[in-house]
Amino acid sequence: MTEMTSAPARRRGFGGWFSDTGWRHAVAIAVSAFAVFPLLYVFSASLNPAGTLTGSNQLFSSIGIDSYVRMLTDPQVPYPMWFLNTLIVATVTGFTMVFIGALAAYTFSRMRFTGRRVGLVTIVVVQMFPQLLAVVAIFLMMSAIGDWFPAIGLNTLSGLILIYLGGALGVNTYLMYGFFNTIPKELDEAAKIDGAGHARIFFTIILRLVAPILAVVGLLSFIGIVNEYVIASVMLIDPEKQTLVVGLTKLVSNPRYADWSAFSAGAVMAAIPVVVVFLLLQKYVVGGLTAGATKG
Amino acid sequence: MTDTLQASTGESTESPPPTPRQRSAARMADAAAGPLRWLVLKIALLAIVDAVAVYAVFVLFLHSEWLVLAGVVAVTILVNWIYFSRRHIPAKYLTPGIILLVVFQIFTLVYTGYIGFTNYGTGHNGSKDQAIASLMRSSLVRVEDSPTYDVAVVERFGELGLLVTDPTDGEASLGTNTQPLQPIDATMEDGKAVAVDDWTTLAFSDVLARSSDVEQLAVPASDDPNDGAIRTQDGQKGYLYTSTLVYDEAAGTMTDTATGVVYTDDGEGAFTSPEGEQLLPGWQVFVGFDNFVRAVTDASIRGPLLAVTAWTFVFAAISVASTFFLGLLLALVFQHKRMRFKNGYRILLILPYAFPAFLSALIWAGMMNESFGFINQVLLGGASVPWLTDPWLAKASVLIVNLWLGFPYMFLVCMGALQGIPEEVNEAAVVDGANPWQIFRRIKLPLLLVTVTPLLIASFAFNFNNFNLIYMLTGGGPRFTDVSLPVGHTDILISMVYKVAFTGQNRDYGLASAFTILIFIVVAAISIISFRKTKALEELN
């Protein structure tokens, strides 16, 4: 297509410019507006001191940080706790998930053992059944476990993390497995001749070489956990134990009466770190997505 | 190691240059130091695991949970064996993940299957004994002119008990809500039992502080629930209460002495009167395929189930198609060498993908609010379009918002895939005289699809279970009228399961799990078919 539309380097009129690249800008601007508009809206609402939904409709009509203060200090809304809980759950789960997944990917990629093929297939098949579908069973199991070990039962962050880690061997492992296979085996063999054991090879050689895919999987798991509502809402009962997704959803369950600008402030504070990290790592994320597509 | 070194150098006072033997010994020492560190770390980690396991065994022993206890012991032995043995290297890497997978995925999957065949839910929470005890406790009335018992409230491990002195023979006995009165040796004071070993006697102020717990205390007089229970209001004096219900264990019936109605065990987990009235709570029983039969025959369940299933497919299919085509269109638009500001646009376009999706859905819900939302108030100048409350518009809104959420991903993927198509293919086609549309339709699209199809399938599967969007945008509403389930026009299967299990007055875990099994069968079938299709596509390459 590009070849067909490339025009001679001479000066062109507006028509020529438009049929070449101009219309592309028109499309891009239109879609960008569609993409950015709700985000502008929520940013404007968060700066608006008026609490209601109607009050937020005049974009950037008044600017102040009252709603941020309100969100952070309102004793009814333990927003800082939600933020902290989300950070703890998503970080711990993200790191542990990547570590466990990398251990498995290393084994499947480098070792040959009975049950290897079956293991790989099982991981993919079990993952077809999304964990949130088993939420009833998870709830009942965790309430039983809570009777014996209150530290990991219902209403605990540690219990929630454990549940999420049940999915540590999964699609992510498969994605990492594909990437591990691209690391030449000669490196391992050279290290082996030098006397390094399997653990030393894994920790000092392989883990460094696969760092990009670890970052991608970690980031995607982190975002996935930040967004996870079903299990978190069933597991976490006390308001100060909840995560952002559970707390903020309850907060605006009736948008008519909700403190809309406080919610918007909370949304902006929750989203900005995620968006910044995502934009910084976007090159790797895109690479990881397409790599997974061709190899998975 | 140092000993050997000293032994070999012992005779000389000055240190001579190391002999080859010494050098090799030093190398061995270095090599050993590494594994030694690992060994210490390994032993420390296993010690922690074993300590936790011992604690777990102790707790489970107290709760008499023999099956779980056996599982914990077996897993602990297995873990120690794997990590202490020099072989089983793959197992060392896989064990943590597999244990978590088995407990939190495979077990819950099997357990879901089991619950689908029971009547578990509100009113059917426990065993038959628990249900009988609960029914009789809920209908306790004080026996007229019954003797007054001296009582003391005692506590152990947070559980309250009642220390009762019999007024006729002065004997002391102890019981709790779950443990009937048992004779016990107690410290007596003025003919009244006041304290007992291992238990803490509550002072009067403590009784006041926990008055609601104390009032809930009803200690069965004996193993036969018909004998009644001792209750106390003030923690000092207790009275005998008996139930208006009489349980006949031989006949398996419950008789209400006030009305004379006889309730019989109907085999469905509840006592039922001849008129069909059930006494609740009932208990949990295995009901076979009842939940599935109910799902396909009961009109008030079948109707919404069919509508929800159809909408789930439509929603997932349109979501994939719309996001893919918008993403592809944009990728093609951007595939132009001389276009300026490309990177700027790109960052703007992927913002919706970077923004946490649940927040986006909540924000759109606010903007689409019928009377106060930005779209109606500002964009449409005060119109009142029922975006989220009209069945058809709500469906359209869900699709629009999902397009917003999903197109950046497809845009990124298509850009990547288009870059992967070699330029020579294009040039060869141009030489052959193909026009841009032909090149796209006949060459680029098929090549693109080979790369993208697995992602489209994954995207379909994701949207099939896209709970957050539905739940946070419309809440599944507007609700269906005249059906027994709390579901609505935009509910998809997964949100229906959640609602049946966790919202509304009646939590029906059994029915929800039955739905889950149906969904699993559908998802598994789609996955198997699509895996085969994908293989066929890959062979084209």
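A salt bridge is a side-chain nitrogen of Lys or Arg within 4 Å of a carboxyl oxygen of Asp or Glu. The model shown in these views is predicted, and local features need pLDDT of at least 70, side-chain atom pairs count only at pLDDT 80 or more, while totals for chains, interfaces and linings use all residues. Residues are numbered from 1 along each chain as its sequence is written, chains are lettered from A and ligands numbered from 1 in the order in which they are written, and side-chain values use heavy atoms, with hydrogens and water left out.

**View 1. A salt bridge joins A:Asp259 to A:Arg70.** The closest N and O atoms of A:Asp259 and A:Arg70 are 2.8 Å apart. This pair links distant parts of the chain, 189 residues apart, since A:Asp259 sits in the loop between helix H13 (244-251) and helix H14 (260-295) of chain A, while A:Arg70 belongs to helix H3 (residues 66-73) of chain A. Helices (H or I, at least four residues) and strands (E, at least two) are DSSP runs, numbered from the N terminus. A:Asp259 counts as partly exposed because its relative accessibility is 29%, and A:Arg70 counts as partly exposed because its relative accessibility is 27%. In these legends buried means under 20% relative accessible area, exposed means over 50%, and partly exposed lies in between (1.4 Å probe, protein chains only).

**View 2. A:Asp188 and A:Arg110 form a salt bridge.** Here the closest N and O atoms are 2.6 Å apart. Because A:Asp188 lies in helix H9 (residues 185-193) of chain A and A:Arg110 in helix H4 (residues 79-110) of chain A, the pair ties together parts that are 78 residues apart in sequence. Are A:Asp188 and A:Arg110 buried or exposed? Both A:Asp188 and A:Arg110 are buried.

**View 3. In chain B, a salt bridge between B:Asp213 and B:Arg210 belongs to a network.** The side chains of B:Asp213 and B:Arg210 meet at 3.5 Å, taken from N to O. B:Asp213, with 36% relative accessibility, counts as partly exposed, and B:Arg210, with 24%, counts as partly exposed too. Salt bridges that share partners join B:Glu155, B:Arg210 and B:Asp213 into one network. Over all chains, the count comes to 7 salt bridges by this rule.

**View 4. Chain B meets chain A.** The contact (heavy atoms within 4.5 Å) takes 100 residues from chain B and 98 residues from chain A. The area buried between chain B and chain A is about 9,300 Å², and carbon and sulfur atoms give 78% of it; buried area is the accessible area (1.4 Å probe) that two parts lose on being put together, summed over both. On the side of chain B, the residues that lose the most area to chain A are B:Tyr93, B:Phe104 and B:Phe372, together 9% of what that side buries. How many salt bridges are counted between chain B and chain A? The count is 0 salt bridges, whereas 11 residue pairs, both at pLDDT 80 or more, are in polar contact. Helix H4 (residues 89-115) of chain B gives the most to the side that touches chain A, with 18 residues. A polar contact is a pair of N or O atoms within 3.5 Å; within protein, one must be able to donate a hydrogen and the other to accept it, and residues adjacent in sequence count only if both atoms are side-chain atoms.

**View 5. Helix H17 (residues 493-502) of chain B is mostly covered.** Of its 10 residues, 10 are buried, among them B:Leu493, B:Tyr498, B:Lys499 and B:Phe502. Just after H17(B), B:Gly504 takes a positive phi of about 80°.

**View 6. B:Val194 has its place in strand E7 (residues 192-195) of chain B.** With 21% relative accessibility, B:Val194 counts as partly exposed. Leaving aside residues up to four places away in sequence, B:Val194 touches B:Ala152, B:Leu163, B:Thr187, B:Glu189 and B:Thr201. B:Val194 and B:Ala172 are 22 residues apart in sequence, and their C-alpha atoms are 9.3 Å apart in space.
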